[in-house]
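Here is a short note for a reader who is new to this chain. Please keep the view open beside the text while going through the points.

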Amino acid sequence: MPGSGIEDDVSPGATHPARSEFSGLGTVVLSLVSTLPWLSFMVLPYEISVMGTAFGLSQGHASWIATAEMLALALSAVASARTVARKDKRLATGVGMAIASVGAAASLGPSTLALFVLARILFGGGLGVVAAATNALPADHEQPERIYAFMMVALALVFSALIYVTTPVIARFGSSGLFGTELAMILAFALLLKWLPRGHIADGAARVVSTALPRGSRPVLAAVTLMFVAQAGTWAFADQAGIALGMSEPYLTTLFTISAMAMLVGAAAAALLGLRLGLRIPLATGFLVQVYIAVAIYCQSNTVLFAAGVVLMSASSSFALPYLQGLLAEIDESGRAVALSGAGINFGGAAGPLIGGVVSFVPGLAPLGIGLSLLLLIGLALADRVAVRTIIVGQD
């Protein structure tokens, strides 16, 4: 990108296609379809529970299957990101949804544990393709960070609706209800595919001749991963921290429900703010609020500060993520770098509880809060170093 200090790796005669505006309907459809790769996270507690019931697994063994599913999603996103940015992203999304729907359908009926595990890996792999394609699409837009914010708004709405529906469905139909809900959601969104933007498609004159990512993209991808390591690590042990402070389970459940709903507030704030304050101030705000959350939950004994930290948890990440993804889109307008952000989210989400589990062997919970805070500060430093030298296009 001229004047940004970022080096592209396209052939000398190649130029980036001009950025465009999506139609209103196209933006809505993209925002809805982009929620599919989050399914593994959204239903994680329910999935572990129904797997334990269906196959007689312990919570630990069921968690390993869920981890395999999320790793399949992340690895598939990495593998797809190299090519999906230059392809028809509507077609790529459709292929990924088809693969995921086969995995969801195969999870429905009676099967051996081995076949079930393969079905969940197939489900995750298909969603990884969807993640790469939908995360790459906003890079074609004049204001990518706002599109990412709209995607987070849709995620908050879909997440709330899914949580509302999932419990009664599982109560009535068991595991088939959960996986049937996943399949129904994919098939319903498949009806909207014809309105999904295709994105820019490379031709012979604009062929990417190197698989290397532009300079600056790796630190930002690392920041995405670190943020979700901290997010997942904070979430995984927050219940234990609250109980240690003498809070009841019903009260903690209420706090966690409010936190999930507050995701909409963070995403809406990012969508409304856009780039009025640039990239650096919103990034610093999002990361530093998460540092406060880690400290408030694990490093002090004030119940009011703890409650505020829990409530802000989802809102802080839904506010910061659109700016990280917008920064990736500014660095690499081809969309390859931001297509990898879905992998960073899933790798971080899978690693967070593992890291938290290791640190939790240290007496007390304060070391966990300190460790997660350090990861967030490192992530902020990496992202800010790139943001300070990146020219912002499409600024309000």
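**Notes on the model**

1. Start with isoleucine 99. It counts as partly exposed because its relative accessibility is 32%; the class lies between buried, under 20% relative accessible area, and exposed, over 50% (1.4 Å probe, protein chains only). Isoleucine 99 lies in helix 5. Helices here are DSSP runs of H or I with at least four residues, strands are E runs of at least two, and both are numbered from the N terminus.

2. This is a predicted model, in which local features need pLDDT of at least 70, side-chain atom pairs count only at pLDDT 80 or more, and totals for chains, interfaces and linings use all residues. Residues are numbered from 1 along each chain as its sequence is written, and side-chain values use heavy atoms, with hydrogens and water left out.

3. The mean pLDDT (the predictor's confidence in each residue, from 0 to 100) is 82, and 86% of residues reach 70 or more. Residues 1-18 fall below 50, yet this stretch has 44 contacts in the model beyond near neighbours in sequence. Residues 204-209 also stay under 50, with twelve contacts beyond four places in sequence. Contact means heavy atoms within 4.5 Å.

4. The overall build is helical: 15 helices and zero strands. Of the 396 residues, 54% count as buried. Among contacts between residues at least 6 apart in sequence, 86% join residues at least 24 apart.

5. Which residues touch the most other members of the largest nonpolar core? They are Leu36, Ile297 and Leu324, in a core of 108 residues. Helix 12 (residues 303-331) gives the largest share, 13 residues. Such a core is a set of buried Ala, Val, Leu, Ile, Met, Phe, Trp, Tyr and Cys residues joined through side-chain atoms within 4.5 Å. Beyond four places in sequence, leucine 324 touches residues including Val220, Met227, Phe287 and Ala383.

6. Is valine 129 buried or exposed? Valine 129 is buried, with a relative accessible area of 15%. This residue sits in helix 6 (residues 113-136). Leaving aside neighbours within four places in sequence, its contacts are Ser76, Ser80, Ala92 and Gly96. The C-alpha atoms of valine 129 and alanine 339 are 9.4 Å apart, although 210 residues separate the two along the chain.
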